[in-house]
Amino acid sequence: MPEDTDNQPLSRHVSSERDEKLSILSGFESMLMRFFSRSLYSAVDADDAMQELRLKLIKGGDIDALRQYPQACLFRIATNIVCDQHRRRKVRKADDQVPLDTAVLVCPSPSPEESAVWCEHTRIVCKTIAQLTPRERRVFELHRLERLSYDQIARQMGMSTRTVRRQVTQVLTLLSERIGGLGTS
Amino acid sequence: MIEHQLRPVSQASQWFERISAAEVSAEDMAAFERWLQADPAHMEAYTHRAMAWTITGQPIANAGIDGAATVSKPRWNLRRVAGIAAVLLLSVMVWPLFFPSTETFTTEVGEQRAIALDDGSTAYLNTNSTMKVSYSGSVRRVTLTSGEAFFDVAKDRNRHFEVLTDMGVVRVLGTRFNVKDGGNQVTVVVTEGRVQVLQDMVNPVLEQNRASPVTLTAGEQIAFGASGLVSNIQKVDTSRGMPWRRGVHDFYNTSLAAAVSEVNRYSKVKLIIGNDTLSTLKINGIFRIGDVETIARGFEEVLPLHAVRNDNAIVLLSVREP
C-alpha cells in the first residue's frame, strides 16, 4: 500500500476492509469477466465494467453482506452496471445522433466474432418484436428505448403496472430463451 | 420468493428484475446466492437474460419496429393497393375483350409498388423495375424486363406461374420467391415452397429447348447469367423474408462496394467510393432504404471514412489518406 497509514487507525481499517473486499472479488473475477464480456458483447466494455465494479465495491459495498453472500452482492453490482450501460456507451451511439424514426442500426465491429454474435442476436430481436401486437410493441419500446418506468408506461397506455411488467418481462424472457437456444458461449 | 418449479430461464428473468431494483431485501440476497450456486445452468440463464437486456437497448429494437411499420408508409398504403386492385378488377372485367392482354408496370428509382394480380397473387415491384403481366387460360406469365420483384403466388394446380427474364425462367405452382435481374445475372431466392429454375438462352419459352431445371426450396438461392449458372444453390436466411420488403438493407459481412451499389439502386443521390482501398471493407448492419444521408453517417460511424456532400452525390473518402 502506498498510503502512509501509521498514525491513522481509521485509514488502516478502511484499507484492510478494502483488501478483504478485493480478495473476495478475486475469487469471482473470471466469472464476472465472462458475464460482462458476454452481456455487453464487447471485451473492451467488459474491462471498463470490471473497473467500475471494483470502484463501486470499494466505495459502497457492505462488507457484512459481501461476507454472507458474496456472489449475490457482486452480481447485483454487475447487473446494475449492465442495466446502466447506455450512460457509458461510447461506440454504439447511433441513437444519440439519429432521431428515433430514422434510426440506423449499425453493428459495432470491434472484433468480427463479437459482431457476428451481435448481428445474430439482432436478428432474433427483430424477429421477436415483429411477432408482438402493436400495443405490446409500444410498451416494450417505451420501456427499452424511451427508458420509461413501468408506472410511467402504465399511465401513458392506460394499463395496470402489473400488466406492463408482465408484458415486458415476457418478451425479455422469450428473448433470453432464444439467445440461449443458439448455444452462445 | 421465486418458485422453484419455474424453468431456469423464467427464474433468471425474475431474479434479474428483482436484483436490479433499487432496494433488495436481505432475504432476497440470501436466496439469490443460493440460486446462483445451486446449478451452473442458472448463471448461464442469467447471462442470457442480461444479453437480452443489452441487445434490446440499442436502436435495433427500433429498426425492427421500423421494418414492420414500413408496410404502412404512404407508398404502401391501403388506398394505393386498393387503387391498384380496383384498376386490376376493372381490367379483369374487360380482360376477355382484349384477350390475351399484357399490362406493364414500372417503378421509379426509390419507388416500390404492390401489384395485386387477378389470380390472387401479389407482385411487389422494387425500385427502378419493369414488369409485364400476361395471363392466359393455361399459364400465368410475368416478364421481368429489369429490376427486382417479389412474388407471392396463389396456388393454381392448372396454371403454372412463370417469371421470364432475359436469362431464364422461374416457374412455380404456388409459393413465395424473389427474382432480381442485376443486368448481367439473375438471382432467385425462395422464401416459401419450391420453384423450378429453367435456364435457357435460346428461347426460354419453348419447352423442348429447356435445359434440365434446377429445383429450389425455401431458404435457397441461385444465380444465373446468359451463359449458365453463376452459382450453385446456396443457403440464405429467409426467415424474415426479403429485407427490401421490410424497407431495409440488411448487410452482413457485405463489402462496401456491394453495399454502395445496393444503396444506389434506391436513390437519386448516389454514394461514391472515393478511394479504391475502401471497396473491400466489410459492413454489417440494417439501414433504412432510401435514407442515403443517414446511411452515409452510419458508414462513417463504423468504417475509417468520412462522407463529403456534393450536389447529387455523397463521396466516401478514406480518413487514412497517405
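This is a predicted model: local features need pLDDT of at least 70, side-chain atom pairs count only at pLDDT 80 or more; totals for chains, interfaces and linings use all residues.

Modeller: Happy to! Chain B holds seven helices and 19 strands. Of its 322 residues, 51% are buried. Its accessible surface comes to about 14,800 Å², and carbon and sulfur atoms account for 53% of that area. If you look at contacts in chain B between residues at least 6 apart in sequence, 49% of them join residues at least 24 apart.

Let's begin with strand β9(B), which covers residues 186-192. Is this strand mostly covered or mostly open? It is mostly covered, since six of its seven residues are buried. Now find its partners. On the one hand, β9(B) is joined by six bridges to strand β8(B), residues 176-181, and the two run antiparallel. Together, β8(B) and β9(B) make a hairpin with four residues between them. In that turn sits Gly183(B), with a positive phi of about 100°. On the other hand, β9(B) is also joined to strand β12(B), residues 220-225, by five bridges, again in an antiparallel arrangement.

Next, follow the chain to an open sheet of three strands, in the order β16-β19-β18 of chain B, with mixed pairing. Its edge strands are β16(B), residues 270-273, and β18(B), residues 305-309, each pairing on one side only. On average, neighbouring strands of this sheet are turned by 25° against each other, direction ignored. Between β18(B) and β19(B), residues 313-318, there are five bridges, and these two strands run antiparallel. Within that pair, Ala307(B) has Leu316(B) in β19(B) as its bridge partner. Two helices pack on this sheet. Helix α6(B), residues 256-264, touches β16, β18 and β19 of chain B, and its direction makes about 160° with that of β16(B). Helix α7(B), residues 292-302, also touches β16, β18 and β19 of chain B, and its direction makes about 155° with that of β18(B).

Now for the interior. In soluble globular proteins, nonpolar side chains tend to be buried together. The largest nonpolar core here has 63 residues, and those touching the most other members are Leu32(A), Phe36(A), Leu53(A), Phe32(B) and Tyr46(B). Its largest share, nine residues, comes from helix α5(A), residues 70-83. Apart from this core lies another, of 28 residues, among them Met131(B), Val142(B), Met167(B) and Val170(B). To see how chain B meets chain A, zoom in on Phe32(B). Setting aside residues up to four places away in sequence, Phe32(B) touches Ala72(A) and Phe75(A), along with Trp15(B), Ile19(B) and Tyr46(B).

Finally, have a look at His42(B), which is found in helix α3(B), residues 40-57. Why do we call His42(B) buried? Because its relative accessible area is 10%, and buried means under 20%. Again leaving out residues up to four places away in sequence, His42(B) touches Pro8(B), Gln11(B) and Trp35(B).

Terms used. Residues are numbered from 1 along each chain as its sequence is written. Chains are lettered from A and ligands numbered from 1 in the order in which they are written. Side-chain values use heavy atoms; hydrogens and water are left out. Buried means under 20% relative accessible area, exposed over 50%, partly exposed in between (1.4 Å probe, protein chains only). Contact means heavy atoms within 4.5 Å. Accessible areas come from the Shrake-Rupley method with a 1.4 Å probe; for residues, only the protein chains shown count as cover. Two strands pair if DSSP finds at least two bridges between them. A nonpolar core is a set of buried Ala, Val, Leu, Ile, Met, Phe, Trp, Tyr and Cys residues joined through side-chain atoms within 4.5 Å. Axes are lines fitted to C-alpha atoms, for helices over the stretch in contact, and angles run from 0 to 180 degrees between N-to-C directions.
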